[in-house]
Amino acid sequence: MTRKGWLLAAGLFFLVFLAVAWFGWHSLARSLAMTRLKADFAAAEQALGSRQPRLAARACAAGIMAYQRGLEHRVYYPEISSEYLTAGNCYRQLNQPRAALQCYEEGLRYDPWSISLLTSLGSCRFALGEPRQALAALEKSQAIYPVKKELQPLLRRLRAAFQGETR
């Protein structure tokens with residue numbers, strides 16, 4: 001190989017190295033932000049268990065900030081539906097059900113068979129006064145795997161409410 005060929009190959013490898021490093025840095029930054037989100041949500045859950053709602057709200061707000069920072073890093077990174085579930089749960093604790101709903105729906109784009117996302121979506125839609133959509137989400141979740149015990153009464157109530165309309 002001639003000298004020009006070696007220089008061209010070295011330049012090409014250097015460019016590939018820079019591209020891989022850039023993607024790696026952004027993937028790591030996103031992963032760290034989502035890990036922070038999960039840690040803040042766990043702290044909020046613990047604070048709620050200790051009857052400290054203000055501390056829980058601060059932890060959820062910090063988690064949401066980490067989540068939003070993580071979303072800025074849109075590179076080749078596998079979308080994990082649990083990140084959207086955790087962010088949605090933080091939004092629910094902060095009494096922002098519309099934002100929670102968006103998180104759950106975004107997570108379902110990447111994992112349409114997630115039972116946790118479907119049941120959270122159903123209960124959130126019910127809380128927002130959208131019983132038809134809540135029933136659809138909960139029935140889809142029920143078809144995949146039995147719904148959690150605490151949501152069984154809600155599912156029965158919704159089915160009973162709409163049973164007369166389907167006849």
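User: Is Tyr110 buried, exposed or partly exposed?
Analyst: This is a predicted model, in which local features need pLDDT of at least 70, side-chain atom pairs count only at pLDDT 80 or more, and totals for chains, interfaces and linings use all residues. Residues are numbered from 1 along each chain as its sequence is written, and side-chain values use heavy atoms, with hydrogens and water left out. Buried means under 20% relative accessible area, exposed over 50%, and partly exposed in between (1.4 Å probe, protein chains only). Tyr110 has a relative accessibility of 30%, so the term for Tyr110 is partly exposed.

User: How are the rings of Tyr84 and Tyr67 arranged?
Analyst: Rings of Phe, Tyr and Trp (its six-membered ring) pair if their centres lie within 6.5 Å; planes under 30 degrees apart count as stacked, over 60 as edge-to-face and the rest as tilted. By this rule there are three aromatic pairs. For Tyr67 and Tyr84 the centres are 6.2 Å apart and the planes stand at 85°, so the pair is edge-to-face.

User: Which helices does the pair of Tyr67 and Tyr84 link?
Analyst: Helices here are DSSP runs (H or I, at least four residues), numbered from the N terminus. The two residues are 17 apart, and both are buried. Tyr67 lies in helix α2 (residues 53–71) and Tyr84 in helix α3 (residues 81–93), so the helices are α2 and α3.

User: What kind of pair do Tyr84 and Tyr110 make?
Analyst: Tyr84 is in α3 and Tyr110 in helix α4 (residues 97–110), 26 residues apart. Their ring centres are 5.7 Å apart and their planes are at 15°, so the pair is stacked.

User: Which residues form one aromatic cluster?
Analyst: Tyr84 is buried, at a relative accessible area of 1%. The cluster consists of Tyr67, Tyr84 and Tyr110.

User: Over which ring does the charged end of Lys140 sit?
Analyst: A charge sits over a ring if NZ of Lys or CZ of Arg is within 6 Å of the ring centre and within 35 degrees of the ring normal. The charged end of Lys140 is 4.7 Å from the centre of the ring in question, that of Trp113.

User: Is Ala143 buried or exposed?
Analyst: Ala143 belongs to helix α6 (residues 131–144). With a relative accessible area of 68%, Ala143 is exposed.

User: How far apart in space are Ala143 and Ile115?
Analyst: In sequence, Ala143 and Ile115 are 28 residues apart. C-alpha to C-alpha, their separation in space is 9.6 Å.
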